[in-house]
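Here is a short walk through one structure. Keep the sequence and the model in view as you read.

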Amino acid sequence: MIEVKEVKTKKQQKEFLEFPLRLYRDNPYFVPPFYMDEKKLFDPDNAHSETSEAIFFNAYVNGKIAGRIGGILQKAANEKWDQKRVRFNRFDAINDRRVAKALFDAVEKWANQKGMKEVCGPLGFSDLEREGLLIEGFDQLSSYHEQYNADYYQNLVESCGYRKEVDWIESKIYLPDDKGESLQRMSDFVMKRYNLRFGAAATIDEFYEKYADPFLDLLDESYKDIYGYVPLTKRERQSIKDDMRKIVNPKYVDVALDENDKVVALGLCFPSISKAVQKSYGHLTPAALLRLKKALDHPKIIDLAFIAVAPEYLDKGVNAIVAARLARILREDGVEYAETLLNLETNTAILQQWKRFNAVQHKRRRSYLKKLD
């Protein structure tokens, strides 16, 4: 017997949060989010409550949890993109189509009740959350910023009537054959031509004070036309800045300023913390904190979180500034490779940039869409 219940009680919340931890307990590629951050989902006054409504469901088979799913009504996104959509996210289930259908039926019923016409996802409250269903790369370590899922999820989702809307691809980026010399020449040329300079920050506090807000301004400006992107609210911005304090190393942040000290380009890399959080299942235990510090100070992998360029500098080669600095990191800092994280398959500019490196595509993610009757 399959039963779906809306998550309301503390016990149900705990079951929702811990289900994927148990499902992937022995999977070496699964990387959990920080448990304390996930708990904020159930705070009615969380950072996303100004623009969104959310609902969460657990599915039980004979009284034992067998799946979970979340639904998000992102009002700001619907207004911006002139859509009537609910987003699904945090879908996890055993390999049973009946369980998947029961979960999606619950989200779709809620969407209908809200007057919505479509369900899409996996997408979060904002573009800065975990998104996309993994459809290639099941034998690759997830980054901390991604959600891992088993290979059978694709069949479960598609069996419920969902079809591809867009894909993201991810690549491992290795040092180019010329060690980045051509990228450095191009970077030097662009910096001189447009009278740009690098902004400096010796500590995370200095970065935070100087560049956190300009970075988020640039992000909103340069990502405004990206699939599913929603401008960040004041509270979301503060939440992101608080999160950045945990995992930003100023050594892996590049900021380009114009002659008026305006931030015109920024590349933000995070030291990979995947292995540091795996053993504690996302809990910040004393041992986990020690592993986290080691990963942040001496990374072997870095995650390319964001590359943002002011619109007036697009198509002027400014991306080469960030690419050249990445090559230097790979050359000098003992970093084995960088992960691009999610690049839209239609973003030809960024995909062309990675061809200047030795790049290996190793993952693909998908966002699905279903029109409701």
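Helices (H or I, at least four residues) and strands (E, at least two) are DSSP runs, numbered from the N terminus. With that in hand, find Leu 284, which sits in the loop between helix H9 (274–278) and helix H10 (286–297). Residues are numbered from 1 along each chain as its sequence is written. This is a predicted model, where local features need pLDDT of at least 70, side-chain atom pairs count only at pLDDT 80 or more, and totals for chains, interfaces and linings use all residues; side-chain values use heavy atoms, with hydrogens and water left out.

Buried means under 20% relative accessible area, exposed means over 50%, and partly exposed lies in between (1.4 Å probe, protein chains only).

Now turn to charges. A salt bridge is a side-chain nitrogen of Lys or Arg within 4 Å of a carboxyl oxygen of Asp or Glu. The whole structure holds 36 salt bridges.

Start with Arg 364 and Asp 167. Their closest N and O atoms are 3.0 Å apart. Arg 364 is buried, with a relative accessible area of 17%. Asp 167 is buried too, at 1%. Both belong to a network of salt bridges, which also links Glu 136, Glu 158, Lys 164, Glu 345 and Arg 366.

Next, look at helix H7 (residues 204–222). Lys 210 and Glu 206 both lie there, 4 residues apart, about one turn of the helix. They form a salt bridge, with the closest N and O atoms 3.0 Å apart. Lys 210 is partly exposed at 41% relative accessibility. Glu 206 is partly exposed at 27%.

Helix H7 also reaches out to another helix. Asp 213 meets Lys 241 in a salt bridge (3.0 Å, N to O). Asp 213 is in helix H7 and Lys 241 in helix H8 (residues 234–247), so the pair links distant parts of the chain, 28 residues apart. Which of the two is buried, and which partly exposed? Lys 241 is buried at 9% relative accessibility, whereas Asp 213 is partly exposed at 36%.
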